[in-house]
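Please look at the sequence and the model below before reading on. The report that follows is meant to be read with both in view.

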Amino acid sequence: MDLPSFIWLWRIAAWSMGLSLTTYGLLAVSGGALRYTRLGDRPRPSWLRPAHYLLGSALVGLVLLLLSIGIVGTLGEYGRLGHSVHLPVGLTVVALILASAWSASRISPERPWARKAHLTLNGILLFSLVVVTATGWSVVQKYL
């Protein structure tokens with residue numbers, strides 16, 4: 001394809017990935033604070049849970065933005081998808097994020113499995129974010 005340079009798209013992707021990693025870290029801190037208040041029978045600040053939900057929603061949005069950038073950029077550059085391991089790893093991250101968000105929406109005293117599922121998914125997500133960052137870096141180097 002004879003398309004203009006996609007360098008601007010990769011800049012958006014780089015910022016989005018950096019914000020995603022930062023948001024994941026903030027989610028870990030706020031989730032830890034929620035756990036600390038719950039297990040210690042301490043009062044929870046009224047802003048903490050809404051902030052955790054807002055951060056989670058932001059992470060979902062950032063990951064979907066990254067997915068769309070990856071698809072548009074890859075199709076624009078190569079005309080097809082699937083030229084690297086980054087695609088299945090990226091799709092795994094998207095699935096984990098969506099599953100984590102879904103499990104978070106299920107957390108309640110009536111569904112004790114949901115909290116465990118949410119924490120397990122987020123642990124797997126940490127590893128997956130490291131892998132998708134490494135594979136994404138190698139993909140972007142091909143474009144530069």
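This is a predicted model: local features need pLDDT of at least 70, side-chain atom pairs count only at pLDDT 80 or more; totals for chains, interfaces and linings use all residues.

Residues are numbered from 1 along each chain as its sequence is written, and side-chain values use heavy atoms, with hydrogens and water left out.

**Overall fold**

The protein chain has four helices and zero strands, and from the N terminus on its elements run α-α-α-α; helices here are DSSP runs of H or I with at least four residues, strands are runs of E with at least two, and both are numbered from the N terminus. Taken along the principal axes, the C-alpha atoms fill a box of roughly 60 × 25 × 20 Å. Of the 144 residues, 33% count as buried, where buried means under 20% relative accessible area, exposed means over 50% and partly exposed lies in between, with a 1.4 Å probe and protein chains only. Among the contacts with a separation of 6 or more, 73% join residues 24 or more positions apart, a contact being heavy atoms within 4.5 Å.

**The nonpolar core**

The largest nonpolar core holds 20 residues, of which L59, V93, I97, L125, L129 and V132 touch the most other members. Helices α1, α2 (48-78), α3 (86-106) and α4 (112-143) each supply at least two residues of this core, and α1 gives the most, with six residues. Such a core is a set of buried Ala, Val, Leu, Ile, Met, Phe, Trp, Tyr and Cys residues joined through side-chain atoms within 4.5 Å. Leaving aside neighbours within four places in sequence, L129 is in contact with M17, L21, Y24 and V93.

**The largest pocket**

The largest pocket has a volume of about 870 Å³, and its lining consists of 31 residues, of which L34, H52, A104, I107 and H118 lie nearest its centre. A pocket is found on a 1 Å grid over the protein atoms alone, as an open set of points where a 1.4 Å probe fits, with protein on both sides within 12 Å along at least five of seven lines, and lining residues have an atom within 4 Å of a point. Grid points are joined across faces, edges and corners, and the volume is the space filled by probe spheres set on the points. All four helices, α1, α2, α3 and α4, each supply at least two lining residues, with the largest share, eight residues, coming from α1.

I107, in the loop between α3 and α4, is eleven residues from H118 in sequence and 8.3 Å from H118 in space, C-alpha to C-alpha.

| Residue | Relative accessibility | Class |
|---|---|---|
| S20 | 1% | buried |
| T37 | 10% | buried |
| I107 | 22% | partly exposed |

Not counting residues up to four places away in sequence, I107 touches A114, R115 and H118. S20, found in helix α1 (residues 7-39), is in contact with L59, L62, V63 and L66, again leaving aside neighbours within four places in sequence. T37 also lies in helix α1, and with its neighbours within four places left aside, T37 is in contact with R42, P43 and R44.
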